[in-house]
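Please look over the sequence and the structure shown here before reading on. The paragraphs below then lead through a few parts of the fold.

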Amino acid sequence: MKKTSLVRIASVILGIGLFLYGLGWFITGSPSYSSTINGIPFNFMNITDGNFVSLGNNVTLNDKAYVTEKINEKGLIATGFDLSCAMCDISILEKENIDSIELIVKAAEKDEASYSIKNGVLKVEINEASYLSRNKTNTIEIFVPQNTKYVSNFINTNMGDVTIKNTSMEDNDFQLSMGNIIAKEVVLINSKIELSMGDLDFEGKIYETTTVDVSMGKAKLNLNQKPTELNYALDCSMGKINIDDKKSVIESMMGATYNEDNHADNDLIITNSMGDIELDYR
């Protein structure tokens, strides 16, 4: 096995152990503080582009644990996303009969979640001080109108799943330490995906350059494209490569590799240190 792959695998295992050790100290059963706003909260229509808005400002506490907001108001249009949290689930979903982005945030502590819009990018954060309780999970949910595309997207979570459905996204950087990415009927253009521990389950189309780096998990892509529309550079240090058209995959004690240059406009590059790569076409 390659020395670099052994180092990566050892680092992942060590990181998981340290993370779980720390998690044991922070998971508690304390009650969840929350906020719910009807209409436009935090005087949102009066803020200017780029202003910082905390979910803890000018709110009334209750037991619903949600803050909701419609984003596209008074010219503050979100054309991309910057979403990050220590431990939470993130979802971006298409929704019928809406003309504005709808944001729903659920945080364990009312002062630990915030959002802002700057240069068209909707930035949402749940800070590291906001931890899971026994029965509650932090969440960032975004509902987008139909037939829209979002450019310049960054998603980062240390622990949690990311779900994306029926959406087009360009210039993407997704980083997950521990969790899964589930993408259904999605179009990704020029994307970088990093998973330290978790699975990628993708259905849709990919364009330009798509780079996937998995340390421990499975990378499964079901592409609504012809195989010849992409060039391939696939590598598994410990795992198999399965391609539904049965093309030649080189396997050895070092893992598996698959390379093919179709002189196409789109490149798919996948590296998996510990896990399988699976490609299917529809």
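Leaving aside its neighbours within four places in sequence, which residues is Leu221 in contact with? With contact meaning heavy atoms within 4.5 Å, and with those neighbours set aside, Leu221 is in contact with Leu200, Phe202, Ile206, Leu268, Ile270, Glu278, Leu279 and Asp280. This is a predicted model, in which local features need pLDDT of at least 70 and side-chain atom pairs count only at pLDDT 80 or more, whereas totals for chains, interfaces and linings use all residues. Residues are numbered from 1 along each chain as its sequence is written, and side-chain values use heavy atoms, with hydrogens and water left out.

Leu221 also belongs to the largest nonpolar core, which has 54 residues and in which Phe81, Ile142, Leu221 and Leu234 touch the most other members. Such a core is a set of buried Ala, Val, Leu, Ile, Met, Phe, Trp, Tyr and Cys residues joined through side-chain atoms within 4.5 Å, where buried means under 20% relative accessible area, exposed over 50%, and partly exposed in between, for a 1.4 Å probe and protein chains only. Strand β12 gives the most to this core, with 6 residues; strands here are DSSP runs of E with at least two residues, numbered from the N terminus.

A search of the whole structure finds 2 cavities of 30 Å³ or more, a cavity being a set of points on a 1 Å grid over the protein atoms alone where a 1.4 Å probe fits but cannot get out, with lining residues having an atom within 4 Å of a point.

Cys85 stands opposite Thr157 in β9. A further 8 bridges join β9 to β11 (residues 168–178), again in parallel, and here Lys149 stands opposite Ser168 in β11.

Finally, Asn119 lies in the loop between β6 (113–118) and β7 (121–126), and this residue is exposed, with a relative accessible area of 67%. The C-alpha atoms of Asn119 and Thr79 are separated by 8.6 Å, although the two residues are 40 residues apart along the chain.

Note on methods. Pairing = 2+ DSSP bridges. Helix = DSSP H or I, 4+ residues; strand = E, 2+ residues; numbered from the N terminus. 1 Å grid on protein atoms, 1.4 Å probe; cavity = no way out; pocket = protein on both sides within 12 Å on 5 of 7 lines; lining within 4 Å. Points joined across faces, edges and corners; volume = space filled by probe spheres on them.
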